[in-house]
Amino acid sequence: MSACKRLLYIVKHRGIWPSIWRRNVTTWSPVGAAFNAKPHRRLELFEKNVGLFGVPELSSPAGFEVTTKRALKDTQELVDKVCSSPPGAVTVETFDQLSDGLCKVADLADFVKVAHPDPSFREAAEKTCIEIGTVVEKLNTNVDLCRSLKNLLDNKEVLAQLDPETRKVAELFMFDFAISGIHLDEKLRKEAVKLHVKLLDLNNEFLMGSHLPNRIAKSAIPEHIHCHFATEGSFIQIGGLHAESSNDLVREVAYRIFLYPNADLMECLEELLKCRNKLAKLVGYESYAHRALQGTMAKTPETVMNFLQLLTDKLSERTAIDFEMIKDMKTKLNPRNAELMPWDPPYFSGVLRAERYNIEPSLYSPYFSLGSCMEGLNSLFTQLYGVSIMSEHPSAGEVWNDDVRKLAVVHETEGLLGYIYCDFFHRANKPHQDCHFTIRGGRQCQESGQYQLPVVVLMLSLPLPTKSAPTLLTPSMMENLFHEMGHAMHSMLGRTRYQHITGTRCATDFAEVPSILMEYFATDYRVVNQFARHYQTGQPLPQSMVARLCESKKVCGAADTQLQIFYSALDQMYHGKPQNRSTTDILKDMQQKFYGLPYTPNTAWQLRFSHLIGYGAKYYSYLMSRAVASMVWKQCFVQDPLNRDMGERYRREMLAHGGGKEPMLMVEGMLQRQPTIEDFVDALVTDLNPDFETFIMDSTS
């Protein structure tokens, strides 16, 4: 064998994970080893660059222009096809193919613009997002395109021949036309398109601005706390709330400076909300919230506010007790400054948890190596669904950074279900947020007869492994990993015929259910005991430590939930009927009504409320989804979290349909009853009951 061939053989067959930490008791599985190793730069001298996600054109930033042009060319051909074809199933299939062609480019670009380390890739992706987004808005007001779909939906004879999923997808496409103003005259339709395009720019501007740090002259704050913040010449840069700092002054300064109003961003938010309201009114809705909530579990703003008010009422006594406990702890630690302020609860509730239950994260982290957590997920999925996650070596150019891992998701009888790219590690200029991105949706390709496998990315911000230890997760990091993997498996297990409804492309207040349900698995000892092993000794995590962790989560739980209620109510008010007052005045009112702690003058927390972009009028979804997840857990999994029959039922009733079935019908199918808003509220309140876990353990013993 020549030296050149020998080198190529070593690169291909030795792999990129040459060193792992040995455990005394057990050895890592392949998926565990892949994540518990320090990544090494790949030698790609002899490999062809296949392009990002295997798209050949994306081996360079210029490829985005090529893929965009091809997608737009294909789009026009499909528009011509659907407009000239008689009504039938092919109408819906062509619509979905059209949507898929645009989404495959736009969704990929949407990820690359925020996550790629190369600015030239990010800029090219951003340009693609704007270009595709503009085309989509124009298609949503294309009268001929809409007419072809209307001809199908109005033809009762043809419609009766369609299966329920196909009819549902046809109705969803028609809904997209309706909320875009297809029924308006030409002049108003053009105005609707302009508003959509303007909102794309405003959304991007607000999203970017909401994450930018604020800065203040060093001389304006006490010198002894300068070391807690980043410096830039004669300025201090503050890019977050420093909520976990034990120093009262650091938390206060961070809160006041990070939330200090920015006039330009304030104007952007005001204009964004005005445009959303104007668009909603233009297309026939009472408010933007009414438009946004169609098709969700809640359906109307009135239902959402009823849910939030009922939950507030049920929690009022518990919330008051929580705030009193937090205040007492602050008085104990700082008697000269005992007034409870908005920057205090996160820190002092953490102190209370640690004091009562000794849950110092460093005590848990050695048991939660990233590799062991991935083994745990693999084991859980195998037992519940017959699914395995397998590590694969990506080809040259397929991933955007050397530390990105690629997983194949394989079912024991159905075969390969799709791919998950794991961008788990912190790096410079990478967003500090845990996210699930759909890169490509699953669909049955009528043109080829093959199933288009879904591709997703999970993005976390974990520390890299070191020479002496693998990446070790805190309990909250471990739960976040399980949460995001819940989204990924929703995408993998859908197998819908149409990508328009694939996986997480469903109602927002249902989309969070599978991910939140995974948090319950992540804190159940019967699940945790299968994977939580000390990375050096192999010793299992003691059951008492898991029990303390579960109990600690309930400490100040009512106050934490009340904060989410406040955010949800604020979101509803911003997207309801215009009130002719500033966003700050609305915030003051909602904070007093739904939270209780005083508003801090000259702050504008709403300018950091980045969820207003992706979750506008739907931030309540986290609370409602948690309620549903709680009910599913208690009724279906708490007796046996590894029950295969229940896992199959869960897949069949909730995961399989994506957005192809009414969300409440999926919940009813799983629970085998019709839940009410009162049931949702009771589920959340019961979760905060300190005796609940004890009751469950007693009932299962």
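In the predicted model, H242 is partly exposed, because its relative accessibility of 30% falls between the 20% and 50% limits of that class. The residue is located in the loop that runs between strand 3 (235-238) and helix 10 (248-258). C556 belongs to the loop between helix 21 (543-552) and helix 22 (557-574). With a relative accessibility of 1%, C556 counts as buried, because the limit for that class is under 20%.

The protein as a whole contains 29 helices and 10 strands. Its radius of gyration is 26 Å, close to the 27 Å that the globule rule gives for 701 residues, so the protein is as compact as a globular protein of that length. The C-alpha trace spans about 80 × 75 × 60 Å along the principal axes. Of the 701 residues, 55% are buried.

Aromatic contacts were then examined. A pair of aromatic rings is described by the distance of the centres and the angle of the planes. The count of aromatic pairs comes to 29. One of them joins F111 and F437, with 5.0 Å from centre to centre and 70 degrees between the planes, an edge-to-face arrangement. This pair links distant parts of the chain, since F111 is in helix 4 and F437 is in strand 7, 326 residues apart. Both F111 and F437 are buried.

The rings of F323 and Y595 have centres 5.4 Å apart; their planes meet at 75 degrees, so this pair is edge-to-face, the angle being over 60 degrees. Here too distant parts of the chain are linked: F323 lies in helix 13 (residues 301-333), Y595 lies in the loop between helix 23 (583-594) and helix 24 (611-614), and 272 residues separate them. F323 has a relative accessible area of 12% and is therefore buried. Y595 counts as buried as well, because its relative accessibility is 10%. Both residues belong to one aromatic cluster, which also includes F566, Y567, W605, F609, Y615, Y619 and Y622.

Charged groups also sit over aromatic rings. The charged end of R405 is placed over the ring of F35, at 5.8 Å from the ring centre. R495 lies over the face of Y451, and the distance to the ring centre is 4.1 Å.

Two or more lining residues come from each of helix 3 (63-84), helix 4 (89-115), strand 6 (415-425) and strand 7 (435-440). By residue class, the lining consists of 14 nonpolar, 9 charged and 4 polar residues. Helix 4 and strand 7, which contribute to this lining, are also the elements that hold F111 and F437.

Technical notes: Residues numbered from 1 in each chain as written. Predicted model: local features only at pLDDT ≥ 70, side-chain atom pairs only at ≥ 80, totals over all residues. Heavy atoms only, no water. Helix = DSSP H or I, 4+ residues; strand = E, 2+ residues; numbered from the N terminus. Nonpolar A, V, L, I, M, F, W, Y, C, P; charged D, E, K, R; others polar. Phe/Tyr/Trp six-rings, centres within 6.5 Å; stacked < 30°, edge-to-face > 60°. Buried < 20%, exposed > 50% of the residue type's maximum accessible area, 1.4 Å probe, protein only. Lys NZ or Arg CZ within 6 Å of the ring centre and 35° of its normal. Rg over C-alpha atoms; globule rule 2.2 N^0.38 Å.
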